[in-house]
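Have the sequence and the 3D view open side by side.

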Amino acid sequence: MSDHQFMRAAAVKSSKAMLLGAAATLACLAASDGVAAESAPPAVGEVVVTGSRIARPEVDQPTPVQVLGSESFQKTGNADVGQVLAQQPAVNFGGTQQAQQNSGSATTGGLSLVNLRGLGTNRTLTLVNGKRQVGSDPGNTAFDLNSISSAAIHRVEVVTGGASAVYGSDAVTGVVNIITRDRFEGLEFEIKGTRSEYGRPGETRTYSAAAGRSFLDGRANLMATVTFDTTRTFHHNDQPDSFAYNTVANPAYAPGNGQPNTLLVPYVQSMQPWIGGVLNYNGTPLQPGGIPFDANGLRTTYPTALAFGTLAIYRQLAGYCDLCFNYQNYDTLVPKVDKRIGSIRGHIDLITEGPFTATAYADASYARRQSSGDGQPANVNGVPINVAQNPFLDPAVRTQLLAAGTTTASLWKLFEPVGHRFVNNLRKTEQFNAGVKGEWETPFADLKYDAYASYGQSRIRYVSDNNVLSANLTAALDAVINPATGAVDCRVNVPSLQPANYVRPAIVGSATCAPFNPFGIYPSQASVDFISRQIVNRASLEQTVAGLSFAGDTDRFLHLIGGAPVGFAAGVEYRKEAASFRFDPNGRLLTTAASGTNSDASFNVKEIYGELSAPILTGLPFAELLSVGGAIRYADYSSVGGVTSYKADAVWAPVRDLRFRGTISRAVRAPNITEAYSPSQTSTGPGPDPCTTVLAAASATRRANCTALGIPLVFAGRPTSIPLISSGNLNLSPEKADTYTVGVVATPSFLPGFSFSADYYQIKIEDAITLFTATQIAAACVDSVGGPDPAFCSLVKRDENPASPTYKFLESVTATYVNASKLVDRGIDFQASYRFDAFGAQMVAQIAGNRLLERRNYPFQSNPAQYTKLDGFVGNPTWKINPSISMTRGPLKVILSGRYFNAQSLIDLSPGQNQNFQDIKTIRSEYYQDVYVSWTFEDAGITTYGGATNLFGNKLPKHTASQRNLTSGYDQMGTVFFAGVKAKL
């Protein structure tokens, strides 16, 4: 057995025993005597802070770092680490568990990721104790925060700005480093829960325990943690003020009269698909037209429309319509999540005296997360119904249609009676880390070293219920009266009623066809079972890491002006990422034909890096400190070859109370497995040929480029469907990001306890990897200024045979990922803190905020005039501010904290867009007031706490159905109350 196979087998076997092992360790460790206590905080001095591998005084760090203590996760009662992080000014809500649930992808439900600066979760690197961990999203390396317990967190350090030179690929917008608890002694239990003003929907319960014990006169320590956490589902309809808002046409609008095109109004619902079923015949339009059926399968009429939606099938009604399609009925704002997390961590000092010391450390963790959420029922349109023979059809409707000469009608139905397509995702993650670290006194320098290795594996199962099999549905809807029995049956079961040209549906499974009644909402259970199928897809990710790092200074042989040595760090690292996908073959047989191609892919990277910090001047007039530094990293990828990232930084403190700092860096992100290795899949569809119109009426650029490709000014193009190919792109190159920061830190001696910092940042990402559709790629080929774009035109295949009757017709278009876009983000981060005594208590007043100046997405970096303006658009507030004040007096602690973000536009703010599209153009600004109160019984080691978030019960503002994911930053559940108790024994 190979080493790789052995590690994988060991991981699979260990996952079932991990929680039991952690629990057993807890029990053993609990037998020791002593009071629970974490290791004392490090003495004030030089420390290693995320963003650098060199130890230095924290105030001298050139890179802005925000630190969140463990209390940050306790004071909201929220067990979702990602939701707490997303409330920080530099973090966007787009990666949260709620946003992932409503992202439109069934595979992301239950994930909780970090999205720094709103530029994508794949551009933020999340570490645990400074090390990479395996991801939980196939094809992506982003770490799932749901795989770590908030009870295990000591603090979280957030570094904003490119950090690839220090930590490698993916650290384009920054790094989030989760520091877990270490050297714990005693036994600790915590129970906490939340409930909103709306009752049990969305409530959470968390039970956690930790135990630790030191051995060998303190040279060794072993600790274990176990956490059980549950979150109940919160649906859109659990909000009492949910009214199905969407846009309808404004009857007062006329071109040029200044009126908005649309109105944002409540109770906008769809007539088609219709839960009771609709028969369309003789080419009747979607609406009005067709014959709707009520719950009992009898002909009915559509509800009276107050206004018409911007899509023809949508209408504003006077209230809720039971048989209409309403997205809110299937909208899960917060998924049901069940988490079970266990970890064991320990270390032992092997060598404690002499020039070489060594401490061995290891940890193992297991996280099982199961999430579920609603999905829209199957929506089927265009299925033929035999008017004369279908026994379920209302006789009055049959008579009417046959009298009009209609023998076949087309069914459009939302298959609500079959059930919602629930999506249940189960993720199991095992992570193993081990290493040896210590100090080494060499003739030239005192070094700190760390040799480490890790292996992680995530196994994911995606289960989707109540899907409809296409062939089985066709057979079940072709119902007849069996002349042998006089009962309703499927034609496929009655040979005597099968015409000569009858084509038998390719039924899936061995069950006998049961006729399905599509009219109304009461089909037989046998027919529901026959047409529906559970689909199970599976995926796995594996990560293997090994590395060696050193850090030290030149204190033994070199001192700069002022006597300070040069700090340095260096290291090497190897990493391998692998992913596999296994799809249920029945997915290809559904009415939605949702399936993929089984695949396995991997890549590896070998890296070497170095970092320097040189305090050139220290302790001089106007130069209390002048320090410069830099870092460089070279990475050799098996997928894209060699890439280099680098960073330069400087800190200048003219006086002790004032520091200026700045960084400039080049960060890189190599394509992930999905982007590079997604298997090729082919479907057919109309050829999206941008050159088929009369080119004389097209733009000058398109006209010139189509002509350059040899296409005449009048070109009909291929009238039939063509192959449309989707795949990964092995020719991708790494993204490149240039990041600049410049800031100031003030710690005035005349105001002890006060500190202030402000940092300007700018991020420009070029060659950003973007997924383009076939239509976008075909258009981009001929819409490039200066001639056809070779990158896009290489994905568009035409018939190049001049003798062919289809000369220059499209033959295929490949939709794939392309290095074509540019992203720009600029803003200012600021924070202030003041610690003081008042009213016999210790007080801390803080404020942290972000001012977003620019956030733009250029889909084609070669065309700077075309971009999407995101700053100020919903989900991207330009002001995000968190103030707080805390008071500690003896056993009592009170924290009042707030969350503010300004109003955002519901209208696309990009150039060329209609800024008067709807009447309600903005979504209001919001301020949420949170409160936390705790009381510690010192002698008993017990702390009780409680409080509320969104204390004043602010309601979710109005927005359209398509924008519900963008509003995930707004509190969905009104006031949420929480309470908990923590006991240390």
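This is a predicted model: local features need pLDDT of at least 70, side-chain atom pairs count only at pLDDT 80 or more; totals for chains, interfaces and linings use all residues.

Side chains of opposite charge can pair when their charged atoms come close. How many salt bridges does a search of the whole structure find? The count is 38, and a few of them are worth a visit.

Start with Lys-893 and Glu-71, whose closest N and O atoms sit 2.9 Å apart in a salt bridge. Lys-893 belongs to strand E46 (residues 892-901) and Glu-71 to helix H2 (residues 71-74), so this pair ties together parts that are 822 residues apart in sequence. Glu-71 itself is partly exposed, at a relative accessible area of 31%.

Next, go to Asp-450, which makes a salt bridge with Lys-131; here the closest N and O atoms are 3.1 Å apart. Again the pair links distant parts of the chain, with Asp-450 in strand E27 (residues 446-468) and Lys-131 in strand E7 (residues 131-132), 319 residues apart. Are the two partners buried or exposed? Asp-450 has a relative accessible area of 13%, and because the cut-off for buried is under 20%, Asp-450 counts as buried. Lys-131, with 22%, is partly exposed.

Now look for Arg-702 and Asp-783, whose side chains meet in a salt bridge at 2.9 Å, N to O. Arg-702 is in helix H10 (residues 700-708), while Asp-783 is in the loop between helix H11 (774-782) and helix H12 (790-793); the pair links distant parts of the chain, 81 residues apart. Asp-783 counts as partly exposed, with 32% relative accessibility. Salt bridges can also share partners, and that is how Arg-123, Arg-669, Glu-675 and Glu-735 are joined into one network.

Finally, head out to the surface. There, Ile-191, Tyr-207, Phe-228 and Val-981 form a nonpolar patch, with about 340 Å² of accessible area together. Ile-191, one of the members of this patch, lies in strand E10 (residues 186-196). At 44% relative accessibility, Ile-191 counts as partly exposed.

Definitions and conventions: Residues are numbered from 1 along each chain as its sequence is written. Side-chain values use heavy atoms; hydrogens and water are left out. A salt bridge is a side-chain nitrogen of Lys or Arg within 4 Å of a carboxyl oxygen of Asp or Glu. Helices (H or I, at least four residues) and strands (E, at least two) are DSSP runs, numbered from the N terminus. Buried means under 20% relative accessible area, exposed over 50%, partly exposed in between (1.4 Å probe, protein chains only). Patches are made of residues with over 30% relative accessible area and no salt bridge: like charges are joined within 9 Å, nonpolar side chains (Val, Leu, Ile, Met, Phe, Trp, Tyr) within 5 Å. Accessible areas come from the Shrake-Rupley method with a 1.4 Å probe; for residues, only the protein chains shown count as cover.
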